[in-house]
Amino acid sequence: MSQQPDQSPDGTPGSGEQRDHAAHSTAPKEKKRGFGAWLREVLTIVVIALVLSFLIKTFLFRAFYIPSGSMEETLEINDRIFVNLLVPEPMDLNRGDVVVFKDTKGWLPQTAEKETNPVKEALTFVGLLPDESQQHLVKRVIGTEGDHVVCCDADGRITVNGEPLDEPYLYPGAAPSDIPFDVVVPEGKVWVMGDHRNASADSREHQYGEGGGFVDVADIEGKAVVTAWPLNRVGGVSDYSEVFEDVPEPSDSK
């Protein structure tokens, strides 16, 4: 009787020693392929997340850090906010909007340059960290193009096109303004003020400087919509549209 060669479980001939050798030689390769696939999957997810974050930061939302108390209690020091980049274009900019804008008029004091951190700058660039640079300000829009904004009426209230404002967002105990002004907002500009009027160097403070205290609409980065950090302050940033709903259009105020 002739001796039959050993067969492997799949029916192919081979000795037991050969099968053991084959099993040992293929096991590490299978393990290596599994780890490589896992690593590629993780890298793909990271790249997709970075691309999505960059696209969102570039076209939809951007994170900013609040360094001062000029917008208390709406925004507190060290808050992180998300700004809607679709305002003022293509979405409309309205009275009451809390906006972040570039300091092109020199409102901010000169500060010493900080040491650069390439990793932090990269994460800020793709939108994973809030912008902590000192070249932006955040204020509330009180008057838009053509508005006649005055401080103050007999009751100490600011008026827009003759309509007095009752401002519930003001910091407790703060007056609407201790600085008088009487301005008409030029085309392509806005008049902005902080909610903590006693601690805000805003349009009032700079009305006799470059630009007359007005902010160029073109300098507005976007509208603050959400406070995202710290967790106990997570929530929307209100524009208090009801405060301005009775304000007539500029043509009606003349």
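These legends walk through several close-up views of a predicted model. Local features are described where pLDDT is at least 70 and side-chain atom pairs where it is 80 or more, while totals for chains, interfaces and linings use all residues. Residues are numbered from 1 along each chain as its sequence is written, and side-chain values use heavy atoms, leaving out hydrogens and water.

View 1. Helices (H or I, at least four residues) and strands (E, at least two) are DSSP runs numbered from the N terminus. Of the 254 residues, 37% are buried; buried means under 20% relative accessible area, exposed over 50%, and partly exposed in between, with a 1.4 Å probe and protein chains only.

**View 2. The largest nonpolar core holds 17 residues.** Such a core is a set of buried Ala, Val, Leu, Ile, Met, Phe, Trp, Tyr and Cys residues joined through side-chain atoms within 4.5 Å. Among the residues with the most contacts inside it are Ile-142, Leu-165, Phe-181 and Trp-191. Strands S5 (148-151), S8 (181-184) and S9 (189-193) and helix H3 (241-244) each supply at least two of the core residues. Look elsewhere for a second, separate core of 12 residues, which includes Ile-66, Leu-85, Val-138 and Ala-224. In soluble globular proteins, nonpolar side chains tend to be buried together.

**View 3. Asp-195 sits in the loop between S9 and strand S10 (215-216).** Asp-195 counts as buried because its relative accessibility is 0%. Its side chain makes polar contacts with the side chains of Thr-74, at 2.5 Å, and Arg-140, at 2.8 Å. A polar contact is a pair of N or O atoms within 3.5 Å; within protein, one must be able to donate a hydrogen and the other to accept it, and residues adjacent in sequence count only if both atoms are side-chain atoms. Not counting residues up to four places away in sequence, Asp-195 also touches others, including Ser-70, Met-71 and Tyr-169; contact means heavy atoms within 4.5 Å.

**View 4. Glu-221 belongs to strand S11 (residues 220-229).** With a relative accessible area of 18%, Glu-221 is buried. Its side chain and that of His-136 are joined by a polar contact of 3.0 Å. Leaving out residues up to four places away in sequence, the residues that Glu-221 touches include Arg-62, Phe-64, Val-100 and Lys-102.

**View 5. Two cis peptide bonds are worth a look.** Glu-89 and Pro-90 are joined by a cis bond with omega about 5°, and Pro-90 lies in the loop between strand S2 (80-84) and strand S3 (98-102). The bond from Cys-151 to Cys-152 is also cis, with omega near -5°; Cys-152 lies in the loop between S5 and strand S6 (159-160).

**View 6. Asn-161 and Tyr-240 have positive phi values.** Phi is near 55° for Asn-161, a buried residue with a relative accessible area of 6%, in the loop between S6 and strand S7 (163-164). For Tyr-240, phi is about 45°; Tyr-240 is found in the loop between S12 and H3 and is partly exposed, at 23%. Most residues other than glycine have a negative phi, and most peptide bonds are trans.
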